[in-house]
Amino acid sequence: MDHTGFLDLLERRRSCRRFTPEKLDRETIGRLLLAACGAPVGSNRNEDIHITVVEDRAVLDELAAAMKRRREDREALRLITEKIPDRSAAAEDVFDPFYGAPAVFIVSHRVQDLQPGIEYANVMSVAMMMHLEATELGLGSVFMWGSLEAMRMYPEYDRTSELRLPEGFQPLLGLAVGHPAIPLESKEILPDKFGVNALPE
Ligand SMILES: Cc1cc2nc3c(=O)[nH]c(=O)nc-3n(C[C@H](O)[C@H](O)[C@H](O)COP(=O)(O)O)c2cc1C
């Protein structure tokens, strides 16, 4: 189906797992951060969100340590990668959970228990805006959950301190962004992708 506008953007939105080494310029980083600021946050508690732009390879290597440990758990790895078409990139021997992206935007949230779980919705709200803006700019991007989750699973590999976050913040979701090494193909949106019911029936 031919779409225009927002649905066309969604058809072009793909997860990119191979990047060229080319860095993002300052203007592009500014555009992505501006898009992030377009995101709604629960109860308008914008002060609970913090974004870290990581272009330092050494820091990314540190953040990858827990994910490398997790890959030793083959069952977890199978579950994570079995439905990913670009599995070779996700499971290759020299493993980089950031797929060589020149920049990773880490979205952190203030640890809180006022509204249990809202932190996950909030960080996705922010990261999704950057993912869509990256698509709009012709860049590749992919959410980064695994490496941050692995840091929570294996505290001995937790390198959160590398991010120099304000006190009381926890990194929950990242977005790796860069120039795609392979052109990203549009994908038709399948209308029956999710189960749906309607009331009244
Ligand atoms: C909440 C969330 C977390 C994700 N975390 C990762 C991740 O850590 N690593 C990764 O390679 N892809 C990650 N992805 C990307 C999904 O695997 C991808 O969106 C899915 O396979 C569909 O492919 P598509 O984005 O190309 O349509 C994540 C996606 C979401 C929505």
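Colleague: Which residues have the most contacts inside the largest nonpolar core?

Modeller: V104, F105, V107, A176 and V177 have the most contacts there, and the core has 37 residues. A nonpolar core is a set of buried Ala, Val, Leu, Ile, Met, Phe, Trp, Tyr and Cys residues joined through C-beta atoms within 7 Å. Buried means that 20 or more other C-beta atoms, placed from the backbone, lie within 10 Å of the residue's own; 12 or fewer is exposed, and in between is partly exposed. Keep in mind that this is a predicted model: local features need pLDDT of at least 70, side-chain atom pairs count only at pLDDT 80 or more, and totals for chains, interfaces and linings use all residues. Residues are numbered from 1 along each chain as its sequence is written.

Colleague: What is V107 in contact with, leaving aside its neighbours within four places in sequence?

Modeller: The list is I49, I51, V123, V126, A127, L172, L173 and G174. Contact here means C-beta atoms, placed from the backbone, within 7 Å.

Colleague: Now the sheet. What is the order of its strands?

Modeller: The order is β1-β2-β4-β3, in an open sheet of four strands with antiparallel pairing. Two strands pair if DSSP finds at least two bridges between them.

Colleague: Which strands stand at the edges?

Modeller: β1 (49-54) and β3 do; each has a single partner strand, so one side of each is left without a neighbour in the sheet. Neighbouring strands are turned by 20° against each other on average, direction ignored. Axes are lines fitted to C-alpha atoms, for helices over the stretch in contact, and angles run from 0 to 180 degrees between N-to-C directions.

Colleague: How many bridges join β1 to β2?

Modeller: Six, and the two strands run antiparallel. Within that pairing, V53 stands opposite F105, and H50 stands opposite S108.

Colleague: And how many join β2 to β4?

Modeller: Eight bridges join strand β2 (residues 103-110) to β4, again antiparallel. V104 stands opposite A176 in β4, and the bridge partner of I106 is G174.

Colleague: That leaves β3. How many bridges join β3 to β4?

Modeller: Five, also antiparallel. There M144 stands opposite G174.

Colleague: Why is β4 largely enclosed?

Modeller: Eight of the ten residues of β4 (residues 169-178) are buried, so the strand is largely enclosed by the rest of the structure. β2 is mostly covered too, with seven of its eight residues buried.

Colleague: Which strands does α2 lie across?

Modeller: Helix α2 (residues 26-37) lies across β1, β2 and β4, and runs at about 160° to β1. As for α7, that helix packs on the sheet and touches β1, β2, β3 and β4, its direction making about 15° with that of β4.

Colleague: I also marked L139. Where is it?

Modeller: L139 is in the loop between α7 (118-136) and β3. L139 counts as buried because 23 other C-beta atoms lie within 10 Å. Not counting residues up to four places away in sequence, L139 touches A134, V177, G178 and H179. L139 and T28 are 111 residues apart in sequence, and 9.6 Å apart in space, C-alpha to C-alpha.

Colleague: Switching to the ligand: which residues come nearest?

Modeller: R14, S15, F143, W145 and G146, out of ten residues around the ligand. Near means that a residue's C-beta atom, placed from the backbone, lies within 6 Å. Strand β3 (residues 140-144) gives the most to this shell, with three residues.

Colleague: How do the shell residues divide?

Modeller: Six are nonpolar, two polar and two charged. Ala, Val, Leu, Ile, Met, Phe, Trp, Tyr, Cys and Pro count as nonpolar, Asp, Glu, Lys and Arg as charged, and the others, Gly among them, as polar.

Colleague: Now the backbone. What is phi of S43?

Modeller: Phi of S43 is near 55°, a positive value in a residue other than glycine. N44 has a positive phi as well, near 60°. S43 lies in the loop between α2 and β1, and N44 lies in the loop between α2 and β1.

Colleague: Is S43 buried or exposed?

Modeller: S43 counts as exposed, because it has 10 C-beta neighbours inside 10 Å. N44 has 8 such neighbours and is therefore exposed.

Colleague: Last one: which peptide bond is cis?

Modeller: The bond from L199 to P200 is cis, with omega near 0°. P200 is found in the segment after β4.

Note on methods:
Two residues are in contact if their C-beta atoms, placed from the backbone, lie within 7 Å.
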